[in-house]
Amino acid sequence: MTPGYIRHLGYFAVLLLVQVLILNNVRLGGYINPYVYVLFVLLLPVDIKGWALLLSAFFGGLAIDMFMDTLGMHTAATLFMAFCRPGVIRMISVKADFEKGTIPSISNMSLGWIMIYSLLLIFLHHTFLFFLEIFSFSEFWQTLSRITLSSLFTFILVILGYLFLDNSLSKKR
Amino acid sequence: MRNLFNFIIRYYFFFMFLLLQTLAILLLIRDQHYQRSFFVHSANTLAGAAYNASADLRSYFSLRSVNEQLAEENTGLLQQTNASFLKTDRQVFEFQDTLYQRKFSYVNAKIINNSVNRRNNFLTLNKGRRHGIEPDMGVITFNGIIGIVKNVSENFSSVISLLHSDTHISVRLKKNNHMGTLIWEGENYRETTLQYIPPHVELEIGDTVVTSGFSRIFPGEIMIGTISDYEIRRGDNFYTATIELAEDFNKLSFVHVVKNLMREELDELEENAFTTQ
C-alpha cells in the first residue's frame with residue numbers, strides 16, 4: 001500500500017509546482033485562473049477510505065493556500081470537492097463496485113466517464129472557491145462568468161493531464 | 001446490522017467533513033481580520049525560497065524593460081537636481097535647511113510573486129523583517145501605489161495588492177484637492193474605481209488622481225492614474241469614476257516600501273485623543 005501513497009504525494013508535489021510556478025503566472029484575459037491542482041483529488045483511488053480522502057484534501061488545500069496567501073480558502077474548496085466526490089462517482093457509475101485500488105483514469109474507466117467526473121467536480125470546486133473569495137452574491141454574474149471560464153480552462157488542462165499520465169495509471173498499482 | 005454499519009460510515013464521513021470545513025473557514029475568517037504572522041503564508045521560508053528561485057529565473061526576461069524604466073526614473077530625478085535649473089534671481093541663495101524633517105524613508109524590494117487575475121490579489125517581496133519591513137507599511141513605485149504589507153517573515157514579506165476587495169485608499173483630485181476613496185471592483189486590473197466625489201465637483205475625463213497624504217501609510221502626491229469615465233450611479237448622491245491606473249500591475253518588478261518615521265508619534269497622539277474623549 002505504501003508505494004501508492006508515495007505516488008500520490010508525487011503527483012501532488014508536481015501539480016503544486018505547476019500551479020504556483022507556471023499557472024499562477026499565466027494571465028488569460030484577467031478573468032481566467034485555472035486551478036489544475038484539483039487533479040490530485042481526482043486521481044485518488046476510487047475505493048479510498050473517507051477519512052483518507054478528506055485529510056488528503058485538507059492538507060493538500062492547506063499547502064496550496066500557503067503558496068497563494070489565501071489561508072483557508074483553497075482548503076475549504078478542496079474539502080468540499082472531496083466531500084462531493086463519492087456521491088459523484090456513485091451517480092455516474094453504472095456498475096457499483098470497482099476493482100480494489102482502481103485509480104480513475106481514461107483506460108480504467110472511459111473517456112466519457114472521466115470527462116463528466118472531472119467537469120462536475122471542477123465546477124463544484126470552482127463555484128465554492130470563487131464565491132468564498134468574493135464572500136457575497138453582489139457581483140453574481142461577474143463571478144459566474146469567472147467560474148465558467150476558469151472551470152473550462154481547468155477542465156482542458158485536467159484532461160490533458162489525464163492523457164499524459166494515462167500509461168502510468170492503468171490497472172497496475 | 002450491516003445497514004446500521006453503513007449508516008455510521010456515511011455519518012462519520014459527513015461529520016468529519018463538517019469538522020474540517022469549520023476549521024478551514026475559521027482559518028479563513030481569522031486570516032481576514034487580524035494581522036498575524038502565521039506559519040502558513042507565502043512569506044514563510046519554504047514558499048519564499050521557491051518563489052525566489054523562480055523570480056530569479058524570470059527576472060532575466062524582463063531585464064530590458066526594467067532597464068528602460070530605470071533610465072526613465074533617472075531622467076526624472078535629474079530633472080529635479082539643482083544643476084538642471086538656471087538661477088535667475090541673484091537675490092536668492094540657498095543654505096542648509098532645517099525646515100524640513102524627514103518623514104518617510106524607503107526600502108527597495110523585488111517582487112518575487114504577483115497576481116492580477118484573482119478577485120483578491122497578493123504579492124510577495126524578497127525583503128523582510130531583517131531589512132526593516134513591518135506590517136502595515138505602504139508599497140509604491142514611481143507610477144503608483146501597489147499595496148500594503150500584511151505579513152512579514154525574516155527574509156520575505158507578503159503584500160495585499162491594490163487589486164483586493166478590502167483595499168480602501170484615501171485619494172484626491174490633483175486639480176482641486178477634492179477627496180475620494182479608491183476601491184477595486186475586480187473587473188480589470190488596469191482600472192480602479194473612485195467613489196464619494198460630491199456631485200458639485202466638476203469632473204473631466206483625463207483628470208489626475210493622486211494620494212491624499214492623509215493616510216499614515218502612503219506619502220501624498222503619488223500618482224495613481226487618470227479618470228477615464230464617470231457617472232452618478234442610480235441611488236447614489238456622489239460621483240463614481242473609473243480610474244485608469246498609471247502602473248501596469250502585470251509588469252511590476254521592483255518596488256519601494258514606505259516607512260513612516262513619525263507613525264508611532266501619530267498613533268500615540270490619536271490614541272490619546274480617543275481615550276480622553
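Of the 173 residues of chain A, 56% count as buried, meaning under 20% relative accessible area with a 1.4 Å probe, protein chains only; exposed is over 50%, and partly exposed lies in between. Chain A has six helices and zero strands. Helices (H or I, at least four residues) and strands (E, at least two) are DSSP runs, numbered from the N terminus. The order in chain A, from the N terminus on, is α-α-α-α-α-α. Residues 24 or more positions apart supply 75% of the chain A contacts with a separation of 6 or more. Contact means heavy atoms within 4.5 Å.

This is a predicted model: local features need pLDDT of at least 70, side-chain atom pairs count only at pLDDT 80 or more, and totals for chains, interfaces and linings use all residues. Residues are numbered from 1 along each chain as its sequence is written, chains are lettered from A and ligands numbered from 1 in the order in which they are written, and side-chain values use heavy atoms, with hydrogens and water left out.

**A buried serine in chain A**

Ser150(A) sits in helix H6 (residues 140-169) of chain A. Ser150(A) is buried, at a relative accessible area of 0%. A polar atom of its side chain lies 3.2 Å from the backbone nitrogen of Asn33(A).

**Chain B overall**

Chain B has four helices and 12 strands. Of its 277 residues, 40% are buried. Residues 24 or more positions apart account for 61% of the chain B contacts with a separation of 6 or more.

**The interface**

The size of an interface is often given as the accessible area lost when the parts come together. Here the area buried between chain B and chain A is about 3800 Å², with carbon and sulfur atoms giving 61%. That area is the accessible area (1.4 Å probe) that two parts lose on being put together, summed over both. In chain B, Phe13(B), Asn117(B) and Arg118(B) lose the most area to chain A. Together they make up 19% of what that side buries.

A salt bridge is a side-chain nitrogen of Lys or Arg within 4 Å of a carboxyl oxygen of Asp or Glu. Eight residue pairs are in polar contact across the interface, both at pLDDT 80 or more. A polar contact is a pair of N or O atoms within 3.5 Å; within protein, one must be able to donate a hydrogen and the other to accept it, and residues adjacent in sequence count only if both atoms are side-chain atoms.

**Strands of chain B**

Strand S4 (residues 144-152) of chain B is largely enclosed by the rest of the structure, because eight of its nine residues are buried. Two strands pair if DSSP finds at least two bridges between them. Strand S3 (residues 138-141) of chain B runs antiparallel to S4(B), joined by four bridges. Ile140(B) has Ile145(B) in S4(B) as its bridge partner. Two residues separate S3(B) and S4(B), which form a hairpin. S4(B) also pairs with strand S5 (residues 157-161) of chain B, antiparallel, over five bridges. A hairpin through four residues joins S4(B) to S5(B).

The whole structure holds 11 salt bridges over all chains.

| Glu221(B) | Arg172(B) | 2.2 Å |

Glu270(B) is partly exposed at 31% relative accessibility. Arg216(B) is partly exposed too, at 26%. Salt bridges that share partners join Asp136(B), Arg216(B), Arg263(B), Asp267(B) and Glu270(B) into one network.
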